[in-house]
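Please look through the sequence and the structure shown here before reading on.

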Amino acid sequence: MSILFQGRATGATAVKQSLWNRFVMFWVHHIRQALTSLGEIWLTPASSLLTVAVLGVSLTLPVTLHLMVKNLQQVSSSIDQAAQISLFLKADTNETQIAELIALLQANPEVADVQFIDKGQALAEFTAESGFGDAFSYIEDNPLPHVMLVSPKNTSSVAASALLETLKQERYVELAKLDIGWLERLDAIVSLVRQVAMAVALLLMVAVLLVVGNTIRLMILNKKDEIEVMKLVGATNSYIQRPFLYTGIWLGFFGGILTFLIEEVLLWWLKHAIAGVTQLYESSFTLEPMSLAELGYLLLVAISLGFFGSLLAVRRNISQIEATGL
Amino acid sequence: MLRFEQVTKSYSGGFVALDRVSFHLEKGEMAFLTGHSGAGKSTLLKLISLIERPTTGKVFINGVDLSRVNRGQVPYVRRDIGMIFQNHKLLMNHSVFDNVALPLVIEGFSGKDMTKRVHAALDKVGLLDKVRCLPHTLSGGEQQRVGIARAVVNRPPLLLADEPTGNLDPDLSKDIMNVFEAFNQVGVSVLIASHDLSLLARMRYRTLTLKNGRMINDGLTSYGADE
């Protein structure tokens, strides 16, 4: 609508258009501008490629840390499942007392399974496997205690340690042990790595924001003359800034794709090294790759960074360019 | 249509570019604005197109006080004014069509409607055959006519021109002026800043003469007054 001339039909509103038509044109217009911005990136490949590379490399570090955390958690949770409590019985416990304890434990609703290892059986196993076979023949008494292996129903470390506390109180139990100390340590390390990942990600995101902002700022300065002309013929700031915002979005998108590609190469490269380590531990650990949802998140974050970085630049720079004209 | 009321523009440092200038350009009137360089012609045009704001005094277009127009409304005001520049201000890496279409694209035109208007504007300045050319392949006079086509493509009621014949030979200047006269005849108000005195003498329109920021003459036979 014209400000100076009441009733002067201006712009496309002068042409009667149906709502649907206008809706379609709105999207056609935006898609066209998005493609134009893509074309401009294509025309200035050097600076755009550099920016995309910075984005890709910067985002790779937090993504790698994230995958590391994810895989470590997978390891720790698989071990968590195997939590088992060892009850070492007092040396003078007799057979009836043992049977009594087994019955008691089996009646406990928290206990899934009880396995009794007789001290003679334990000595035989130890003699066979430890390599000290001959040495044991010189010992007269069996120094080993009877052992009961109790598998808790609830295998989480908290529930297991609660059960451990109650089993410690049993009369014939000398010592009860749940080997979760190292599990807790692993959990702590995983959470530490996760927090480091968060901090690194935050810092790198700020860096990416600034890099995109600077790239867009240079693009704006390069097009200063063009922007001046557009202002002279009546373009609003939001009209002028739109292509730059699309450029930011594209930079973010390509940066995200590059991150994904780097990550895939990295995983492929590390796969053999990790296989070597896990073989030593006889574990069937497989490296969990990036899921489709995670790729989606990555692209979303990258695109948002591109968009906001560009917004930062256009807000500051476009309104500063004033038509000098005439 | 265009009215200046005691308009003064002074820049920081104390330089007074315009000193209490008043005049009134009627609807459908065509006038020249003349004076030596530095006399304040450009400043006067900048006040109309809201590139600058007056220090004191008021500028009205069609009765609307421009001091009431805020920053966000400036682009919309400029859409109502066709502006032509001495150095053309064309987008050099875009075709003639794109240049002329720019004001329409900004206003949201597209498709056939836009093409029709662009072709009509280029036809008026006689450049229909150069639609697909890039501006730097055109001569100075042709570039200036592209600038004119761009200024009139959305049919503004007011046309401002700053030294439109600045670097052109007399024949081309005459062509350009004929184009302006043609627009004036269909009711567009035209204000042309020029120091080309021989051209002014031939054209015989109302002439506003500025000297050191003051309006020293407002009338038909102004040329030569400040010689």
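## Domains of chain A

Into which domains is chain A divided? In this predicted model, domain 1 of chain A takes in residues 34–78 together with 185–317, whereas domain 2 covers residues 84–179. The C-alpha centres of domain 1 and domain 2 of chain A are 54 Å apart.

Helix H2 of chain A runs over residues 45–80 and holds A:Leu50. A:Leu50 counts as exposed because it has 12 C-beta neighbours inside 10 Å, and exposure is assigned at 12 or fewer. From A:Leu50 to A:Gln74 the separation is 24 residues in sequence and 36 Å in space, taken from C-alpha to C-alpha.

## Contact between chains A and B

Chain A brings 22 residues to its contact with chain B, and chain B brings 32 residues. On the side of chain A that touches chain B, the element that gives the most is helix H8 (residues 224–232), with four residues. Sorted by class, the residues on this side of chain A are 14 nonpolar, six polar and two charged.

## Packing of helices H9 and H10 in chain A

Two packed helices are described by the angle between their axes and the distance between the axes. For helix H9 (residues 237–280) and helix H10 (residues 292–317) of chain A, the angle is about 145 degrees and the axes are 7 Å apart. H9(A) and H10(A) cross in a right-handed sense, and their contact consists of 15 nonpolar and 11 polar residues, with no charged residues.

## Helix H3 of chain B and its surroundings

Helix H3 of chain B, residues 96–106, approaches helix H4 of chain B, residues 111–124, with axes that come within 9 Å and cross at roughly 120 degrees. H3(B) and H4(B) are therefore oblique to each other, since the perpendicular range ends at 115 degrees and the antiparallel range begins over 145. The crossing of H3(B) with H4(B) is right-handed. From H3(B), the residues B:Phe97, B:Val100, B:Ala101 and B:Leu104 meet B:Met114, B:Arg117, B:Val118, B:Ala121 and B:Leu122 of H4(B). This contact is made up of eight nonpolar residues and one charged residue, with no polar ones.

How many of the 11 residues of H3(B) are buried? Eight of them are, so that H3(B) is mostly covered. Among the buried residues of H3(B) are B:Val100, B:Ala101 and B:Leu104, which also take part in the contact with H4(B), and B:Val96, B:Asn99 and B:Ile106 are buried as well. The cover over the buried residues of H3(B) comes from both chains, and includes H8 and H9 of chain A as well as H4 and helix H5 (140–152) of chain B. Just after H3(B), B:Gly108 has a positive phi of about 95 degrees.

## Positive phi outside glycine in chain B

B:Gln6, a residue other than glycine, has a positive phi near 50 degrees, and B:Gln6 belongs to strand E1 (residues 2–10) of chain B. B:Gln6 is exposed because 12 other C-beta atoms lie within 10 Å.

B:Asn62 likewise is not a glycine and has a positive phi of about 50 degrees, but its place is in the loop between strand E4 (56–61) and strand E5 (64–65) of chain B. Is B:Asn62 buried, exposed or partly exposed? B:Asn62 counts as partly exposed because 18 other C-beta atoms are within 10 Å, where burial would need 20 or more.

Key. Residues numbered from 1 in each chain as written. Chains lettered and ligands numbered in written order. Predicted model: local features only at pLDDT ≥ 70, side-chain atom pairs only at ≥ 80, totals over all residues. Domains from an automatic or database assignment. Axes fitted to C-alpha atoms, helices over the stretch in contact; angles between N-to-C directions. Helix = DSSP H or I, 4+ residues; strand = E, 2+ residues; numbered from the N terminus. Parallel < 35°, antiparallel > 145°, perpendicular 65-115°, else oblique. Left-handed = near helix turned anticlockwise from the far one by under 90°. Contact = placed C-beta atoms within 7 Å. Nonpolar A, V, L, I, M, F, W, Y, C, P; charged D, E, K, R; others polar.
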